[in-house]
Amino acid sequence: MTYSETLAWLYAQLPMYQRVGSAGFKKGLGNTEALAEALGHPETKFRSVHVAGTNGKGSSSHLLAAVLQSAGYKVGLYTSPHLREFTERIRVNGQELAPDYLVRWVETHRGLFDTIQPSFFEMCVALAFDYFAAEQVDVAVVEVGLGGRLDSTNIITPLVSLITNISYDHQTMLGNTLPEIAGEKAGIIKPGRPVVVSQSQPEVKAVFETKAVKEGSALVFADARYEARLAAETTTDEAATAGVQLLNVYRDGQLYLKNVELGLLGDYQRLNLPGVLATLDELRAQGFAISEAALRQGLREVTRLTGLRGRWSILGQRPLVVADTGHNEAGLQLVLAQLARVPHQHLHMVIGVVNDKDVTKALALLPHAATYYFCQASIPRALPAGELAALAHAAGLAGEVHGPVPAAVAAARAAAAPDDVVFIGGSTFVVAEVAELYEPR
């Protein structure tokens, strides 16, 4: 098969959570373990870092990979979902999986898939682990897909686990309370292996403490050690021009790193950075050589080194155009707080969502003074733009239906004055369809 035919076969044969939602999610590790056994247990042939959490796990994974690459290591990186191209999910030193490799791998193992009947995600994890073993990476940074305890990635025994923010998302599969959700995320904690938790959240702190004691794992709450503060008052326009936000990092209350350039512009990245730094401390303790120069380079050049997109990505000036994949209640709150601080005359919001989530809480957060451009991504899970508009109008938000994402983006850009702001988001899949995100910068 060709590459496009291979992808079409995968999407047709194997339920895919990204496209169809919970119907593509299989609880349990049985299929992944069966695939791993058939492939010779590739997950045992490389060292790894495992990253879970509700918000921040993708950014944290990319930051860790970028720093380790800068330190001279050959680094595998597995993340999901992809934005535009399937091969974005699996990288070695920032280079995406070659389409030809995917075609050969699927063709080789078609019989295995027919026997085991794995989900799309289970197949992706097996592919990533097999590829990292074949590439003989020094270390792989592996992002959890959904939850942790029953996630397909949870067959690895990592050097260290990192758990980022815990908030409400995927409640139908992970639980309806924060402690229940945290319990699923805590499932990646392995016996005797250290765990870093990015934020000390009172509602869930005891969940991690209890699990760490049970597993005999050293536990670090990163925000008790590290704090990242803006080094200077910089406007969003100025940060966009520089391509970085300038931070001072404090460790145990003392200035540790002055004028760190972070190549991700979202304010919320300052909540992710302590977890990244504490995880790197754990790796250093296990023999990794990571200099301050490598740390600074990785943080500054993360987008170039790993290809990360869609986290407060600035796509234009006058009007300022920003795209961000934050989509659940907690993620949106952080994004909206940053938007509120950006000087502007009027806010234009291009919004689309998926159909398997309760969006009423998210809609209640959105500013009434903005003009909305309702759209839907080109996936089966997308909530029709008309239905979204009806829910939004009931919540007191004003705007029009524009259908496809490109049409909504074009309408917002056309309507915006130079001193306005255009925001594009609501769903990862909306951001994925913004062509400007993929233009060379």
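This is a predicted model: local features need pLDDT of at least 70, side-chain atom pairs count only at pLDDT 80 or more; totals for chains, interfaces and linings use all residues.
Which residue of β10 does Glu227 stand opposite?

**View 1. The open sheet of three strands, in the order β9-β10-β11, with antiparallel pairing.** β9 (226–230) and β11 (254–262) are the edge strands of this sheet, and because each has a single partner strand, one side of each is left without a neighbour in the sheet. Direction ignored, neighbouring strands here are turned by 25 degrees against each other on average. β9 and strand β10 (residues 245–251) run antiparallel and are joined by five bridges, and in this pairing Glu227 stands opposite Tyr250 of β10. Helix α12 (residues 269–285) packs on the sheet, where it touches β9, β10 and β11, and the direction of α12 makes about 140 degrees with that of β9.

**View 2. The open sheet of six strands, in the order β12-β13-β17-β14-β15-β16, with mixed pairing.** At the edges stand β12 (313–316) and β16 (398–404), each with a single partner strand, so that one side of each is left without a neighbour in the sheet. β12 pairs with strand β13 (residues 320–323) in the antiparallel sense over three bridges, and Ser313 stands opposite Ala323 of β13. The loop between β12 and β13 contains Pro319, and the peptide bond that leads from Arg318 to Pro319 is cis, with omega near 0 degrees.

**View 3. Helix α18 (residues 405–415) lying across strands of the six-stranded sheet.** The strands that α18 lies across are β12, β13, β14 (347–351), β15 (371–376), β16 and β17 (421–425). Relative to β16, the helix runs at about 135 degrees.

**View 4. The packing of helix α4 (residues 57–70) with helix α13 (residues 292–300).** The axes of α4 and α13 are 7 Å apart, and the two helices pack at an angle of about 135 degrees; α4 and α13 are therefore oblique to each other. Their crossing is right-handed. On the side of α4 the contact involves Leu63, Ala66, Val67 and Ser70, which meet Ala294, Leu295, Gln297, Gly298 and Leu299 in α13. Divided by class, this contact of α4 with α13 has six nonpolar and three polar residues, with no charged residues.

**View 5. The crossing of α4 with α12.** The axes of these helices come within 9 Å and cross at roughly 45 degrees, which makes α4 oblique to α12. The crossing of α4 and α12 is right-handed. Ser59, Ser60, Leu63, Leu64, Val67 and Leu68 of α4 make the contact together with Gln269, Asn272, Val276, Thr279, Leu280 and Leu283 of α12. Seven nonpolar and five polar residues, and no charged ones, make up the contact of α4 with α12.

**View 6. The crossing of helix α3 (residues 30–38) with α7.** The axes of α3 and α7 come within 10 Å and cross at roughly 35 degrees, and the crossing is right-handed. From α3, the residues that make the contact are Asn31, Thr32 and Leu35, and from α7 they are Glu122, Met123, Val125 and Ala126. The contact of α3 with α7 divides into four nonpolar residues, two polar residues and one charged residue.

**View 7. The aromatic pair of Phe86 and Phe120.** The count of aromatic pairs in the model comes to 11. The pair formed by Phe86 and Phe120 is edge-to-face, with 5.9 Å from centre to centre and 85 degrees between the planes. This pair links distant parts of the chain, 34 residues apart, since Phe86 lies in the loop between β2 (75–78) and β3 (90–92), whereas Phe120 belongs to helix α7 (residues 120–135).

**View 8. Backbone details at Pro81 and Asn93.** Pro81 has its place in the loop between β2 and β3, and the peptide bond from Ser80 to Pro81 is cis, with omega near -5 degrees. Asn93 lies in the loop between β3 and β4 (95–96). The phi of Asn93 is near 50 degrees, a positive value in a residue other than glycine.

Key:
Residues are numbered from 1 along each chain as its sequence is written. Side-chain values use heavy atoms; hydrogens and water are left out. Two strands pair if DSSP finds at least two bridges between them. Helices (H or I, at least four residues) and strands (E, at least two) are DSSP runs, numbered from the N terminus. Contact means heavy atoms within 4.5 Å. Axes are lines fitted to C-alpha atoms, for helices over the stretch in contact, and angles run from 0 to 180 degrees between N-to-C directions. Angles under 35 degrees count as roughly parallel, over 145 as roughly antiparallel, 65 to 115 as roughly perpendicular and the rest as oblique. A crossing is left-handed if the near helix is turned anticlockwise from the far one by less than a right angle, and right-handed if clockwise. Ala, Val, Leu, Ile, Met, Phe, Trp, Tyr, Cys and Pro count as nonpolar, Asp, Glu, Lys and Arg as charged, and the others, Gly among them, as polar. Rings of Phe, Tyr and Trp (its six-membered ring) pair if their centres lie within 6.5 Å; planes under 30 degrees apart count as stacked, over 60 as edge-to-face and the rest as tilted.
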